[in-house]
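The stops below are to be selected in order.

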Amino acid sequence: MDTESTHSGYSYSSRSGRSNRHGDRSRERHKASSSKDSSRSERSVVINPPDTPSQESPVHNGEPLPGEPMPDADHGDDAQDDNWGETTTAVTGTSELSVSQEEVVGLGKGIQDRTQGFRRYLPLAVGLCVGLLVVTTPLLFLLLPAVMWPDRLEACGAACEGLFLSISFKLLILMVAIWALFLRQGRASLPRVCVYRAFLTTLTLLLTMSYWLFYGVRILEAQDEDYHGIVQFAVSLVDSQLFVHYLAVVLLELRQLQPVYSVCVIRSTDGESRHYNIGQLSVQKAALSILEYYYRDFPLHNPALLSASKHRAAKHLAGLKVYNVDAPGNPAGAQAANGNQSRAMVTAAAKRKDSAHNELYYEEADYERRVRKRKARLVVAVEEAFTHVRRMKKEDERAATSDIMDVREAALAIFPSMARALQKYLRTTRRQHCHSMESIQKHLAFCLVNNMSPKAFLEAYLAPGPTLQYAPERWMADQWTLISEASVTSGLKEGAEFLLKCLDFSLAITIKSIPYIRITEEYIDPKSHKFILLLQSETSV
């Protein structure tokens with residue numbers, strides 16, 4: 001008993017001594033750090049392990065100082081506590097610059113949005129700057145001599161004044177052409193710069209700078225007095241700019257009009273495919289055109305329709321159960337059970353494989369039956385609702401003006417009569433997430449205003465429509481990723497393949513060249529297919 005009490009007391013005192021030494025040592029380190037650098041804020045974390053020597057048990061070069069007790073060998077392991085994380089003292093401070101994880105995510109999203117906005121409006125800003133330079137340069141060519149040396153300029157005759165009229169109309173045409181071709185908001189943010197746009201911008205800048213250099217050397221420095229020649233020089237610049245704009249129309253608009261390639265687009269999840277003819281485009285421009293075709297022609301991507309096959313496969317796997325009736329402690333029985341289990345699973349899988357097509361056939365037949373049943377109920381409910389609206393419309397014609405119901409109110413009044421049937425049909429066809437109650441009511445009000453039939457109202461729900469028919473939050477992808485082995489700025493080639501990938505699915509694109517078609521003409525003489533009908537007067541009886 002004495003031994004046990006002594007040991008327990010020693011353990012308690014040693015733990016309390018370590019914790020006291022911890023607090024003193026932490027305070028001393030905190031004071032030392034604050035005295036060394038008082039300007040530094042208290043944002044550091046100091047963790048002291050429990051086996052660090054302190055003033056109560058000083059150690060010099062691994063040996064205790066004279067007058068200090070020698071630690072016992074039995075308590076040598078106690079110097080390193082297993083639960084040191086629970087007995088460790090940490091000195092922390094609160095910083096005014098602390099940021100939560102949500103704020104960091106919001107900050108990154110804000111920076112990304114600003115970057116996307118910058119990339120979206122950068123081509124428009126560059127086009128505006130180049131357009132202003134192109135338009136103002138001829139005007140400056142005409143104004144600078146009249147401002148810098150007006151007394152020495154020769155008088156401008158009738159021919160010179162006619163050039164003023166010519167340059168005015170040419171500049172007006174050039175401004176309208178620049179606005180129509182270049183000052184348009186971008187439809188998308190492409191990964192690389194368009195090669196033809198960069199070439200035309202560089203050509204325009206080189207042309208303008210060349211004219212400025214010639215104007216500065218031959219006219220400004222020499223202070224040329226022939227104002228008629230200066231006006232002709234400005235007219236030649238406007239003519240050159242008009243030719244550059246014509247080149248831009250050919251490269252950016254006309255070159256891609258003639259179909260050259262046939263494109264096959266396949267959606268990875270359900271195998272939906274379409275074929276399109278496109279012209280000579282770069283890979284990134286072709287990807288942009290294909291995405292525009294996709295939103296117009298492809299039906300809305302419905303992940304709920306893809307879960308049926310996965311559920312069927314999981315049900316087949318879950319239906320296989322093998323039970324071990326042997327004793328669990330018998331090794332020989334366990335090995336035999338493993339062999340029997342493998343054979344049983346192989347046999348069951350083979351039987352399941354033989355009957356899988358029957359299950360799929362009856363499952364699809366039952367699904368089609370339920371869809372036809374829900375469709376019939378929906379058609380009847382909608383026809384009854386529209387019949388009620390027509391009857392109420394005839395009664396409203398005889399009623400007072402104040403009692404006439406608004407179209408929105410009429411749509412809200414008849415919607416509950418068809419809401420249940422429509423909801424069950426959309427759930428059966430797994431398209432309930434594509435239509436909200438507000439969009440259905442809005443479509444119903446639109447049909448009532450334009451006096452449409454019940455079939456016209458149901459057409460939007462009986463068959464899946466194109467992607468653009470639905471609200472953007474149902475289908476709009478935040479970002480598409482273009483994956484291509486060839487450079488995205490290079491032109492399309494025969495057999496090229498690339499991938500457009502978003503979060504839920506991807507579009508696989510294959511390029512094929514349209515074959516060269518040879519048509520020949522064969523002349524047929526109009527007289528060659530004439531014939532004479534000879535009738536015999538005598539006929540057999």
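**The whole chain**

Begin with everything displayed, bearing in mind that this is a predicted model. The protein has 541 residues, of which 25% count as buried. Its secondary structure consists of 12 helices and nine strands. Among contacts with a separation of 6 or more, 75% join residues 24 or more positions apart.

**Helix H6**

Select residues 283-297, which form helix H6. The 15 residues of H6 extend 21 Å from the first C-alpha to the last, close to the 21 Å expected at 1.5 Å a residue. Now colour the buried residues of H6: Val 283, Gln 284, Ala 286, Ala 287, Leu 288, Ser 289, Ile 290, Leu 291, Tyr 294 and Tyr 295. As background for viewing any such segment, an α-helix has 3.6 residues a turn, so residues three or four places apart point the same way.

**Helices H9 and H10**

Next, select residues 407-428 for helix H9 and residues 437-449 for helix H10. Two packed helices are described by the angle between their axes and the distance between the axes. Here the axes come within 9 Å and cross at roughly 125 degrees. H9 is therefore oblique to H10, and the crossing is right-handed.

Show the side chains where the two helices meet. H9 contributes Val 407, Arg 408, Ala 410, Ala 411, Leu 412, Ile 414, Phe 415, Met 418, Leu 422 and Leu 426. From H10 come Met 437, Ile 440, Gln 441, Lys 442, Leu 444, Ala 445, Leu 448 and Val 449. By class, the contact of H9 with H10 comprises 15 nonpolar residues, one polar residue and two charged residues.

Centre the view on Gln 441, which belongs to helix H10. Is Gln 441 buried or exposed? Its relative accessible area is 10%, so Gln 441 is buried. Leaving aside residues up to four places away in sequence, Gln 441 touches Arg 408, Ala 411, Leu 412 and Phe 415.

**Helices H9 and H11**

The axes of H9 and H11 are 11 Å apart, at an angle of about 30 degrees. The two helices are therefore roughly parallel to each other. Met 418, Leu 422, Tyr 425 and Leu 426 of H9 make the contact with Phe 457, Tyr 461 and Leu 462 of H11. The residues of this contact are seven nonpolar, no polar and no charged.

**Two loops with a positive phi**

Most residues other than glycine have a negative phi. Select Arg 430, in the loop between H9 and H10. Its phi is positive, near 60 degrees. With 27% relative accessibility, Arg 430 counts as partly exposed.

Asn 451 is not a glycine, yet its phi is positive, at about 55 degrees. Where Arg 430 is partly exposed, Asn 451 is exposed, with a relative accessible area of 57%.

**Cys 502**

For the last stop, select Cys 502 in the loop between strand E8 (497-501) and strand E9 (506-513). Cys 502 counts as buried, at 12% relative accessibility.

Notes:
Residues numbered from 1 in each chain as written. Predicted model: local features only at pLDDT ≥ 70, side-chain atom pairs only at ≥ 80, totals over all residues. Heavy atoms only, no water. Axes fitted to C-alpha atoms, helices over the stretch in contact; angles between N-to-C directions. Helix = DSSP H or I, 4+ residues; strand = E, 2+ residues; numbered from the N terminus. Parallel < 35°, antiparallel > 145°, perpendicular 65-115°, else oblique. Left-handed = near helix turned anticlockwise from the far one by under 90°. Contact = heavy atoms within 4.5 Å. Nonpolar A, V, L, I, M, F, W, Y, C, P; charged D, E, K, R; others polar. Expected span 1.5 Å × (residues − 1). Buried < 20%, exposed > 50% of the residue type's maximum accessible area, 1.4 Å probe, protein only.
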